[in-house]
Amino acid sequence: YEEGRDYQEGLGNTDMILYVSYDLVENRMNMLQIPRDSYVGEEVPSSGTGKINAALISGADKTNPINNLVAVVEEQYKLPVDHYVSIDMDAMKAIVDRLGPLRVYVPQEMEHAGSYLPQGWQWLDSNAAEFFVRNRYGAGFERADIDRLDNQRHFYSALFRRFLNLTPGDIVQLLPVFEHYCNTDIGLRDIYDLCFSALKLNAENVVFCKVPGVTGLDPAGQGPSLYVVGVSR
């Protein structure tokens, strides 16, 4: 949600889209970031923006809007979706609060709207973590969301390092956060089993990557910034 904007039926756009492939047999996890400004075409309902981040609230399914986003990912990226987890910023902050401050590498000095983070390794509480993963303004963020995605990979890495030090009891303590804040089709027992299995992951078996493409305006230099997937310069 952003201040001053009206959202259909009280829903916001998708701020971060992460496709996770978890191979339980080989014990490998691949994570693919899909930029929120990715162009999906005018035929996809997107409130006239052509962006994937608006597909959630603009599609035909009003009962469970996540299905609108799933349909776009499966059709345009040819990636099957077995399950989904939708997490809002309150959930992210609650997870960080429960885990304790995270040691995150901040690749560049960040300052916007009264919030500030120096460059280097920092211990981030929930408020600082929210600023880190959401900010896309200021020096060094000329590509806006694309530069923000790079920061988010640093955050995911820190979260993963912290996760490797959890115990089964810690996971049990986190389950109420998932139950209260997350919208998912995975039952709590299955979430626990997945998390417990993930404790055995090795860092070398976890890959973060981003959908390739370029950011730019339309040819006339007007209109919204779009991320064109699969195009390089």
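**View 1. The surroundings of helix α3 in the predicted model.** In this predicted model, the buried residues of α3 pack against the strands β4 (102–106) and β7 (120–124) and against the helices α4 (126–134), α5 (145–163) and α6. The buried residues in question are Met-89, Ala-91, Met-92, Lys-93, Ala-94, Ile-95, Val-96 and Leu-99. Because 8 of the 11 residues of α3 are buried, this helix is largely enclosed by the rest of the structure.

**View 2. The packing of helix α3 with helix α6.** Helix α3, which spans residues 89–99, packs with helix α6, residues 168–181, at an angle of about 170 degrees, and the two axes lie 10 Å apart. The angle makes α3 roughly antiparallel to α6, since angles over 145 degrees count as such. On the α3 side, Asp-90, Ala-91, Ala-94, Ile-95, Arg-98 and Leu-99 take part in the contacts, and they meet Gln-173, Leu-174, Val-177 and Tyr-181 of α6. Among these α3 residues, Ala-91, Ala-94, Ile-95 and Leu-99 are also listed as buried.

View 3. The chain holds 4 aromatic pairs by the rule applied here, and the rings of Tyr-192 and Phe-196 form a stacked pair, because their centres lie 6.1 Å apart and their planes stand at 15 degrees, where planes under 30 degrees apart count as stacked. Both residues belong to helix α7 (residues 188–198), in which they are 4 residues apart, or about one turn of the helix. Tyr-192 is buried, with a relative accessible area of 17%, whereas Phe-196, at 39%, is partly exposed.

**View 4. An aromatic cluster and a charge over a ring.** Phe-155, Tyr-156 and Phe-208 are linked by ring pairs into a cluster. Elsewhere in the chain, Arg-103 lies over the face of Trp-121, at 4.5 Å from the ring centre.

**View 5. The whole chain, as context for the close-ups.** The protein chain contains 7 helices and 11 strands, and 42% of its 233 residues are buried. Of the contacts with a separation of 6 or more, 54% are made by residues 24 or more positions apart. The accessible surface of the chain comes to about 12,800 Å², and carbon and sulfur atoms account for 52% of that area.

How values were computed: Residues are numbered from 1 along each chain as its sequence is written. This is a predicted model: local features need pLDDT of at least 70, side-chain atom pairs count only at pLDDT 80 or more; totals for chains, interfaces and linings use all residues. Side-chain values use heavy atoms; hydrogens and water are left out. Helices (H or I, at least four residues) and strands (E, at least two) are DSSP runs, numbered from the N terminus. Buried means under 20% relative accessible area, exposed over 50%, partly exposed in between (1.4 Å probe, protein chains only). Contact means heavy atoms within 4.5 Å. Accessible areas come from the Shrake-Rupley method with a 1.4 Å probe; for residues, only the protein chains shown count as cover. Rings of Phe, Tyr and Trp (its six-membered ring) pair if their centres lie within 6.5 Å; planes under 30 degrees apart count as stacked, over 60 as edge-to-face and the rest as tilted. A charge sits over a ring if NZ of Lys or CZ of Arg is within 6 Å of the ring centre and within 35 degrees of the ring normal. Axes are lines fitted to C-alpha atoms, for helices over the stretch in contact, and angles run from 0 to 180 degrees between N-to-C directions. Angles under 35 degrees count as roughly parallel, over 145 as roughly antiparallel, 65 to 115 as roughly perpendicular and the rest as oblique.
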